[in-house]
Amino acid sequence: MDDYMFNDNVLRCKTVVEATQYLEIFNYSDPRFNTCEEHPLTQDEFDNYLHRRGAFAPPTNHPPGVKMVSCMRLILQQNAQHADTFTPDVLSLTQKQYKAMVNALHLPYRWIESMSCVGPFFWSAWDQDEETPHLQIVHRKSDVRKRGLTRGWELTLSHDVKNGITTGFYKGTESSDIIGCLKHLKACVGQIGHPLLLPVIIFSHDISSTTDIKQRKARDWLRRLEHAVSMRTEITEKEGYVSKDGVVDLDRVNMDLVECHSQVLWKRPKAYLEILSGIQEAMERFDDKLSYERKDKTMRSLHASMVARLDFYKVKLQGIESYAYTTLQRLDIQRSALYNIIAQKESKLNFQMAGEQRKLAHASKRDSAAMKTISLLGAIFLPGAWLAAIFSMSFFNFQDGSNPIVSKQFWIYWVFTIPTTIVIVLGWWVWERKREKRYDEEDARIAQGSERMEKQIMAAMRTRTMSKASTWDTTKKSE
């Protein structure tokens, strides 16, 4: 089943090109013949390296009695640069070379299935070869791109427990510290007989003091945020977020809370504690099957030293986990306090806006009452005034009862009145259109003013004047 899934996964992968090197370390019973070589590995020599032919053939000029004690043969890609090199279903060797390497170096078929893993990953198991068992290891860490650059590293090893031969493949980007790990490995060439040596070196580099320093900086950052939000007096004034006029930019504080939270979660110790447990299990597997001939005093001392180092890392990671947990809890408290401050300011500003709107409503109501009064008076007196004006004209004669009351020239009134009325109505219509246009422009200016007012309100919500009153008294606490 494993070989079918392996071949099927390889066929689905595409290939990218990376510069390839090899590293060979041989330790002999006579240390004078020990070698450590690292050179570029060309395409035409790749197959010879796998099968130890040509320039890679075992030496034949050693004196009688000198035998190989331990060996490590690695294919390296130390500065992987292709943007897709750690993308799932992507190989940095050709499919033919990849298959040949896995089979010739006894690497695990399951290795290719780990390409989709993100974050730290460790797996170990024995192969099914009962005559010459191999301890197989996959250790990797990969992530998504950052600013278009790929990130990660991967290591797969196979250790022949009978002969002390370790073979494998190690690839990493510039940010993975692969060069530093290999430098450390070359300084420990006498200990390469232990298959967990390189994984422990990589683990120690991955949880270096940089993790502790990041947690310390995050805690210091947290204290400044606490000073800005809840006015704790544990820092100097110049370290805080308070401006010269006593105002805090709450928008900046909120962004820094988020960034500080992400810094605390960087290299979360919980994940590395799981990796450490996997390495410890692999150490036990190796120790259980190690033959009596290989379990000499040097190997026992090395194994005990590595076990002690892993126990040290476990205690260290537990301390970092506790420290980070406390920082996260305090960050949550400050975030809640910040949201409460913003909510209070928002409520106050809404109350102020409601008051202004109420004033506008009262003013509009007064204007409406005045217009209503004027309209009512006009409706009362206009009919009478119009009729009085008509009947007072010379076209009507109410004095002489023998003559007609209405003059024959009454049509003159309508000739002048109707056109004049039409002109007045048209003039009113034009004036009304211009007034509506003016009102539209005023509405647009009011809308712009509302937007400016909203921006000012939001800016006011993000800043607050510092108050010297505080319920937190560190002097009493220290006493």
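This is a predicted model: local features need pLDDT of at least 70, side-chain atom pairs count only at pLDDT 80 or more; totals for chains, interfaces and linings use all residues.
Local features here need pLDDT of at least 70 and side-chain atom pairs count only at pLDDT 80 or more, while totals for chains, interfaces and linings use all residues. Residues are numbered from 1 along each chain as its sequence is written, and side-chain values use heavy atoms, with hydrogens and water left out.

Start with the open sites. A pocket is an open set of points on a 1 Å grid over the protein atoms alone, with protein on both sides within 12 Å along at least five of seven lines; lining residues have an atom within 4 Å of a point. The largest pocket comes out at about 900 Å³, a volume being the space filled by probe spheres set on the points, which are joined across faces, edges and corners. It has 34 lining residues, and K141, R151, G152, S175 and S176 sit closest to its centre. Elements are DSSP runs numbered from the N terminus: helices are H or I with at least four residues, strands are E with at least two. The lining splits into 11 nonpolar, 13 polar and 10 charged residues; Ala, Val, Leu, Ile, Met, Phe, Trp, Tyr, Cys and Pro count as nonpolar, Asp, Glu, Lys and Arg as charged, and the others, Gly among them, as polar.

The second largest pocket has about 590 Å³ and 24 lining residues, with V69, S70, R294, D296 and M299 nearest its centre. Two or more of its lining residues come from each of β2 (21–28), β4 (68–77) and α9 (297–391). Its lining has seven nonpolar, 11 polar and six charged residues.

A cavity is a set of grid points where a 1.4 Å probe fits but cannot get out, and the whole structure has two of 30 Å³ or more. The largest cavity holds about 90 Å³. Of its 15 lining residues, V90, S92, M115, E154 and K171 lie nearest the centre, and the lining counts nine nonpolar, three polar and three charged.

The second largest cavity holds about 40 Å³. Its lining includes P120, H139, R140, W153 and Y272, and β7, α5 and α8 each give two or more residues to it. Helix α5 gives the most, with three. By class, this lining has six nonpolar, one polar and two charged residues.
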